[in-house]
Amino acid sequence: YQTTVAGLNPAAYWRLNAVNETSLIGSYTSTWQNGLGVTPDGGGAPLASEPANRGANFNSASRHSITTSFTDPLATAGTLAGWIKLATLPTGTVYLFGKSAGGNDLDVQIESDQKLHFFTGGGNQINAAPTGGFLAGQWYFVAVTFDNAGGGSKAIYFNGAVALANTGSPGRGPSSSPFTIGDSSVFSGRFFNGVIDEVADR
């Protein structure tokens, strides 16, 4: 699996199978907050090639999160992707991953409507849910894309299939804010509850 992801030339790729790990691509550091740890063997994303795969085991009550040293602007186009498994369905907003910045968002989160919301620029957002809706304890591969070229576009994918594609400018500009996982660096308190694994951006 990691060979396949690396072959897509991501800017950064965190396997999330060891505390405070350095990204497999780009050598970016990660700081795991408040005692965040990894799952037992086999508790990570269901990778056929790695049955003992582990992931980052987030507990919202313990305010777990990851802050990385990745500050690439991701200004004109990009893809963010990773595996998630919700321990419980959220009653408020929970943050998956992204680069928060007031007025220049790049945020992927699930809100109380049980939909994944993808924010870019000054609050420009699209949202969608997987077929059948999110289920606690179920693995999902989620990906979002944006591109400022040709009038602009954004899309949300679940398990490799497009759920929503939208035209129009994402309104995204350069940002040096850090890439975070499990909580926003700006809109703090949106702690994820469950497992996140194999996060990449390009």
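**A walk through the predicted fold**

I196 touches L16, G55, A56, F58, W83, I84, L96, I181 and G182, leaving out residues up to four places away in sequence. Contact here means heavy atoms within 4.5 Å. The model is predicted: local features need pLDDT of at least 70, side-chain atom pairs count only at pLDDT 80 or more, and totals for chains, interfaces and linings use all residues. Residues are numbered from 1 along each chain as its sequence is written, and side-chain values use heavy atoms, with hydrogens and water left out.

I196 sits in strand β15. Helices (H or I, at least four residues) and strands (E, at least two) are DSSP runs, numbered from the N terminus. I196 has a relative accessible area of 0%, so this residue is buried. Buried means under 20% relative accessible area, exposed over 50%, and partly exposed in between, with a 1.4 Å probe and protein chains only. G44 lies 152 residues from I196 in sequence, yet their C-alpha atoms are 7.8 Å apart.

T39 belongs to the loop between β3 (37-38) and β4 (56-58). Is T39 buried or exposed? T39 counts as buried because its relative accessibility is 5%.

Next, the largest pocket. Its volume is about 250 Å³. On a 1 Å grid over the protein atoms alone, a cavity is a set of points where a 1.4 Å probe fits but cannot get out; a pocket is an open set with protein on both sides within 12 Å along at least five of seven lines, and lining residues have an atom within 4 Å of a point. Grid points are joined across faces, edges and corners, and a volume is the space filled by probe spheres set on the points. The largest pocket is lined by 16 residues, of which V5, L8, A81, F141 and A200 are the closest to its centre. Which elements each supply at least two residues of this lining? They are α1 (2-6), β6 (77-86), β11 (139-147) and β15 (194-201). β15 gives the most, with four residues. By class, the lining has eleven nonpolar, two polar and three charged residues. Ala, Val, Leu, Ile, Met, Phe, Trp, Tyr, Cys and Pro count as nonpolar; Asp, Glu, Lys and Arg count as charged; the others, Gly among them, count as polar.

Helix α1 also holds Q2. With a relative accessible area of 30%, Q2 is partly exposed. Leaving out residues up to four places away in sequence, Q2 touches Y13, R15, L24 and E50. Q2 and E198 are 196 residues apart in sequence, but 8.5 Å apart in space, C-alpha to C-alpha.

Now the aromatic rings. The whole structure holds ten aromatic pairs. Rings of Phe, Tyr and Trp (its six-membered ring) pair if their centres lie within 6.5 Å; planes under 30 degrees apart count as stacked, over 60 as edge-to-face and the rest as tilted. Why is the pair of W14 and F179 stacked? Their ring centres are 5.4 Å apart and their planes meet at 10°, so the pair is stacked. This pair links distant parts of the chain, with W14 in strand β1 (residues 12-14) and F179 in the loop between β13 (161-167) and β14 (180-181), 165 residues apart. Both W14 and F179 are buried.

Y28 and F70 form an edge-to-face pair, 4.9 Å centre to centre, with 85° between the planes. Y28 is in the loop between β1 and β2 (30-33), and F70 is in the loop between β5 (65-68) and β6, 42 residues apart. Y28 is partly exposed, at 23% relative accessible area. F70 is buried, at 0%. W14, Y28, F70, F97 and F179 form one aromatic cluster.

The loop between β1 and β2 also contains S27. S27 is exposed, with a relative accessible area of 58%. Most residues other than glycine have a negative phi. Phi of S27, however, is positive, near 55°. N34 also has a positive phi, near 60°. N34 lies in the loop between β2 and β3.
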